[in-house]
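Subject: Structure for you to look at

Hello,

Here is the structure we talked about, with the sequence alongside. Please open both before reading my notes, which follow below.

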Amino acid sequence: MTSSARPLLNRRLAEFGTTIFAEMSALALKTGSINLGQGFPDTDGPEEIREAAVRALRDGRGNQYPPGPGVPELRTAIAAHQERRYGLSYDPDAEVLVTAGATEAIAAALLALVEPGDEVIAFEPYYDSYAACIAMAGGTRVPVTLRPHEGSFRLDLDELRAAVTDRTRLLLINTPHNPTGTVLTREELTAIAELAVERDLLVITDEVYEHLVFDTAEHIPLATFPGMRGRTVSIGSAGKTFSFTGWKVGWVTGTPDLVTAVRSAKQFLTYVASGPFQYAVAEALSLPDSYFDAFRADMLAKRDVLAAGLTEAGFEVFRPAGTYFVTTDIRPLGETDGFAFCRALPERAGVVAIPNAVFYDHREAGAPFVRFAFCKRVGVLEEAVGRLKSLAG
């Protein structure tokens, strides 16, 4: 016990308590509910990649500290992936950095690039670590809200332009976007790139769902646009692409000066991580296009199962163009408070979801929206849908 009247938690983090994911996952365990809250698959990724990790362990590769930037095999594979997929050429030795998942990449990039008092623009609703990492860097977050429009959540480019001030340091972009499932269009990305060049802004792009885009949507890295390669830190992740979220292998690509800056912060966070898994992910990134096509098709089918079931249960459903989350509006069910709805849902229907309001600064804007994850087995989704249909009555 401390005798000081001063709060133990510093003021930058005082607004952040236990994450909603911990609360709702605990509620799922307590009630025996189906957990469609936290975004992790309930099946493992490719068997040959799991065996590659086992082989690395047995061969003694990565059982000690790997190199600080990441093992050369993985950095080479990441550079080859960016070249093959998007025509982006990166030097594996100077322009690629392996991190402990995308979450560390985000933290290291913000800690490296943001000075106290700098403004960071992020699209709300946003992944919850964004706000905490901006706070730890001493920055000021400036939310620009994605708003419902014709069945999806869209960016108001005028609102984005108006949010930029002389204190704005960087834009934090997430596409495909968690939690809304929005995929920014070429026209939107062009406008963002032009704004960044005009106002001399840095950009961090979180692209962890790059391989999960559906229907007519297309993932286009912002770094491919004129003037953007030299000002963009691009972040990727093996967890979402290969369904090994526990391995915590992410990466950063960018120009040598940007990557060096991010590495300067990263080395004092985890230093290094996930040694044997890095070798396995290097093999995963070299899988043929058929793997990525089948992975996307599988998630698309699961999206459709959950979206259809939620519609039948009485929700207004925003069908996502990417990620593995469906956002719903609970007002057709006579509800307006997503927090109250999600906390009661396990007892009412035996299902756990996440209130989107936790991803907003403007909580009232997110109050009626609730997120469900569809990265589960089809049988699990069908059982959850069956339970949720009781709400329609």
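**What was found**

Arg50 counts as partly exposed because its relative accessibility is 33%, where buried means under 20% relative accessible area, exposed means over 50%, and partly exposed lies in between (1.4 Å probe, protein chains only). Please keep in mind that this is a predicted model, in which local features need pLDDT of at least 70 and side-chain atom pairs count only at pLDDT 80 or more, while totals for chains, interfaces and linings use all residues. Residues are numbered from 1 along each chain as its sequence is written, and side-chain values use heavy atoms, with hydrogens and water left out.

**Salt bridges**

A salt bridge here is a side-chain nitrogen of Lys or Arg within 4 Å of a carboxyl oxygen of Asp or Glu, and the structure holds 26 of them. One of these joins Arg50 to Asp44, with the closest N and O atoms 2.8 Å apart.

Another salt bridge brings together the side chains of Lys266 and Glu104, at 3.0 Å from N to O. This pair links distant parts of the chain, since Lys266 belongs to helix H9 (residues 256–266) and Glu104 to helix H4, 162 residues apart; helices (H or I, at least four residues) and strands (E, at least two) are DSSP runs, numbered from the N terminus. Both Lys266 and Glu104 are buried.

Salt bridges that share partners join Asp215, Arg303, Asp304 and Arg319 into one network. Arg303 counts as buried because its relative accessibility is 2%, whereas Asp304, at 30%, counts as partly exposed.

**A buried lysine without a partner**

Lys240, found in helix H8 (residues 238–242), is buried yet has no salt bridge. The nearest side chain of opposite charge is that of Asp206, 8.1 Å away, where Lys and Arg count as positive and Asp and Glu as negative, and His and the chain ends are not counted. If residues up to four places away in sequence are set aside, Lys240 touches Gly39, Val208, Tyr209, Leu212, Phe295 and Tyr324, contact meaning heavy atoms within 4.5 Å.

H5 is mostly covered, as seven of its nine residues are buried: Ser129, Tyr130, Ala131, Ala132, Cys133, Ile134 and Ala135. What covers these buried residues includes H4 together with the strands E3 (119–124), E4 (140–145), E7 (168–174) and E8 (202–206). After H5 comes Gly138, whose phi is positive, near 85°.

In the loop between E3 and H5 lies Pro125, which is buried, with a relative accessible area of 0%. Pro125 and Leu146 are 21 residues apart in sequence, and their C-alpha atoms are 7.0 Å apart in space. Leaving aside neighbours within four places in sequence, Pro125 is in contact with Leu146, His177, Asn178, Pro179, Thr180, Phe359 and Tyr360.

**Pocket and cavities**

On a 1 Å grid over the protein atoms alone, a cavity is a set of points where a 1.4 Å probe fits but cannot get out, and a pocket is an open set with protein on both sides within 12 Å along at least five of seven lines; lining residues have an atom within 4 Å of a point. Grid points are joined across faces, edges and corners, and a volume is the space filled by probe spheres set on the points.

The largest pocket has a volume of about 970 Å³, and of the 42 residues that line this pocket, the closest to its centre are Thr19, Phe21, Tyr127, Asp128 and Ser129. H5 gives the most to the lining of the largest pocket, with five residues.

There are two cavities of 30 Å³ or more, and the largest cavity holds about 50 Å³ of space. Its lining is made up of Gln82, Glu207, Glu210, Ser234, Ile235, Gly236, Trp251 and Thr253. Strand E9 (232–237) and strand E10 (250–253) are the elements that give two or more residues to this lining, and E9 gives the most, with three residues.

The second largest cavity holds about 40 Å³ of space, and among the residues that line it is Lys266, the partner of Glu104 in the salt bridge described above.

Best wishes
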